[in-house]
Amino acid sequence: SSHPSIPRPQVNEEVEADTQSNEDDDDGATGSVSEDANAAGNVSTFGSNGRWTRQEHALFLEALSLYGKEWKKVASMVKTRTVVQTRTHAQKYFQKVTKSQERSR
């Protein structure tokens, strides 16, 4: 269920992740189960919905350097995010990196 009453924060240095992503793939079933668990508050260590915390992003970067685009391994290292959330975060992170590289030319 989406929450339209919650205002979206302005984009700043933190990368935004869309937990309401409609991307379907082979992880779709397990992804939705994990997101339901997050919604129920079972995984409350970090901001498991919406924005990624600095700690989650740091773990993401570390896992990315270790495992590359093996999203299941990256997500298992981050712990608080599903495979779909991790892949969506990576997509937005790569877009941001590409954009900043183009600016610095």
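Here is a walk through this predicted model, from the whole chain down to single residues.

Some ground rules come first. Residues are numbered from 1 along each chain as its sequence is written, and side-chain values use heavy atoms, with hydrogens and water left out. Because this is a predicted model, local features need pLDDT of at least 70 and side-chain atom pairs count only at pLDDT 80 or more, while totals for chains, interfaces and linings use all residues.

So how much can you trust it? The pLDDT, which is the predictor's confidence in each residue on a scale from 0 to 100, has a chain mean of 72, and 54% of the residues reach 70 or more. Watch residues 9-44: pLDDT stays under 50 there, although the model has 58 contacts beyond four places in sequence for this stretch. (Contact means heavy atoms within 4.5 Å.) Where pLDDT is low, the predicted coordinates should not be read in detail.

Now the overall layout. Helices (H or I, at least four residues) and strands (E, at least two) are DSSP runs, numbered from the N terminus. Of the 105 residues in the chain, 30% are buried; that means under 20% relative accessible area, with exposed being over 50% and partly exposed in between (1.4 Å probe, protein chains only). Among contacts with a separation of 6 or more, 64% join residues 24 or more positions apart.

H4 covers residues 83-103, 21 residues in total, and reaches 30 Å from first C-alpha to last, close to the 30 Å expected at 1.5 Å a residue. (The expected span is 1.5 Å times one less than the number of residues.) Val-83, Val-84, Gln-85, Thr-86, Thr-88, His-89 and Ala-90 of H4 are buried.

Helix H2 (residues 54-67) packs on H4 at an angle of about 85°, with the axes 12 Å apart. Axes here are lines fitted to C-alpha atoms, for helices over the stretch in contact, and angles run from 0 to 180 degrees between N-to-C directions. That makes H2 roughly perpendicular to H4, a label for 65 to 115 degrees; under 35 is roughly parallel, over 145 roughly antiparallel, and the rest oblique. H2 brings His-57, Phe-60, Leu-61 and Leu-64, and H4 brings Thr-86, His-89, Ala-90, Tyr-93 and Phe-94. By class, that is six nonpolar, three polar and no charged residues. (Ala, Val, Leu, Ile, Met, Phe, Trp, Tyr, Cys and Pro count as nonpolar, Asp, Glu, Lys and Arg as charged, and the others, Gly among them, as polar.)

Two residues from this contact deserve a look. His-89 is buried, with a relative accessible area of 0%, and its C-alpha is 9.6 Å from that of Arg-51, 38 residues away in sequence. Leu-61 of H2 is partly exposed at 32% relative accessibility.

Finally, look at the loop between H3 and H4, where Lys-79 sits. Lys-79 is exposed at 68% relative accessibility, and its phi is near 75°, a positive value in a residue other than glycine.
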